[in-house]
Amino acid sequence: MSEPAPGATRWIPLESNPDVLNSWCSKAGLITSEFEYSDIYGLDEDLLALVPQPVKAVILLLPLTDAIERKTQEEIAKIRREGQHHVDSSIIWIKQTIGNACGTMALLHAIINTNVPVIPDSPIAKFIIECRIF
């Protein structure tokens with residue numbers, strides 16, 4: 001693995017593990033005694049019945065393949081050509097510009113765009129306010 005360019009931002013990726021995600025979220029200000037992350041072992045009825053309720057968000061872990069990258073580029077080109085379709089203005093979307101930050105971005109999007117409780121004046125509460133102002 002090559003060294004990053006001088007001045008490049010380095011991001012430590014999060015392990016896709018509920019304990020790691022809950023620890024990160026707790027430090028950021030999510031009230032994890034009320035909402036926390038857990039694994040989903042499958043999409044059939046019996047396995048979904050094991051998922052704690054209510055579910056506020058689902059984070060999917062999937063590899064970035066050439067096919068997904070092509071589809072992404074096609075969607076970007078279509079938006080540039082035809083414009084962006086209507087998006088609910090209450091949704092906050094943050095573009096990932098730092099490599100390895102996909103887990104962190106998923107957590108931010110899941111917390112920011114749901115009504116899960118966060119600690120007032122916590123880092124995530126302040127971040128949500130900044131996002132809504134911007």
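## The loop between helix 4 and helix 5

D121 sits in the loop between helix 4 and helix 5 (123-133). Helices here are DSSP runs of H or I with at least four residues, strands are DSSP runs of E with at least two, and both are numbered from the N terminus. The phi angle of D121 is near 65 degrees, a positive value in a residue other than glycine. D121 counts as exposed because its relative accessibility is 64%; exposed means over 50% relative accessible area, buried under 20%, and partly exposed in between, with a 1.4 Å probe and protein chains only.

This is a predicted model, in which local features need pLDDT of at least 70, side-chain atom pairs count only at pLDDT 80 or more, and totals for chains, interfaces and linings use all residues. Residues are numbered from 1 along each chain as its sequence is written, and side-chain values use heavy atoms, with hydrogens and water left out.

## Other backbone features

Most residues other than glycine have a negative phi, and most peptide bonds are trans. N100 has a positive phi, near 70 degrees, and is not a glycine. N100 belongs to the loop between helix 3 and helix 4 and is partly exposed at 47% relative accessibility.

The peptide bond that runs from Q53 to P54 is cis, and its omega is near -5 degrees. P54 is part of the loop between helix 2 and helix 3.

## Overall layout

The protein has five helices and zero strands. Read from the N terminus, its elements follow the order α-α-α-α-α. The C-alpha trace spans about 45 × 40 × 40 Å along its principal axes. The protein has 134 residues, and 21% of them count as buried.

## How helix 1 and helix 4 pack

Two packed helices are described by the angle between their axes and the distance between the axes. For helix 1 and helix 4 (residues 102-112), the angle is about 60 degrees and the axes are 11 Å apart. Helix 1 is therefore oblique to helix 4. Axes are lines fitted to C-alpha atoms, for helices over the stretch in contact, and angles run from 0 to 180 degrees between N-to-C directions. Angles under 35 degrees count as roughly parallel, over 145 as roughly antiparallel, 65 to 115 as roughly perpendicular, and the rest as oblique.

Helix 1 and helix 4 cross in a right-handed way. A crossing is right-handed if the near helix is turned clockwise from the far one, and left-handed if it is turned anticlockwise by less than a right angle.

## Salt bridges

Side chains of opposite charge can pair when their charged atoms come close. The whole structure holds two salt bridges, each defined as a side-chain nitrogen of Lys or Arg within 4 Å of a carboxyl oxygen of Asp or Glu.

One joins K71 and E75, whose closest N and O atoms are 3.4 Å apart. K71 and E75 are separated by about one helical turn because they are four residues apart in helix 3 (residues 66-82). K71 is partly exposed at a relative accessible area of 46%, and E75 is partly exposed at 35% relative accessibility. R81 and E82 also form a salt bridge, with an N to O distance of 3.9 Å. Both R81 and E82 are exposed.
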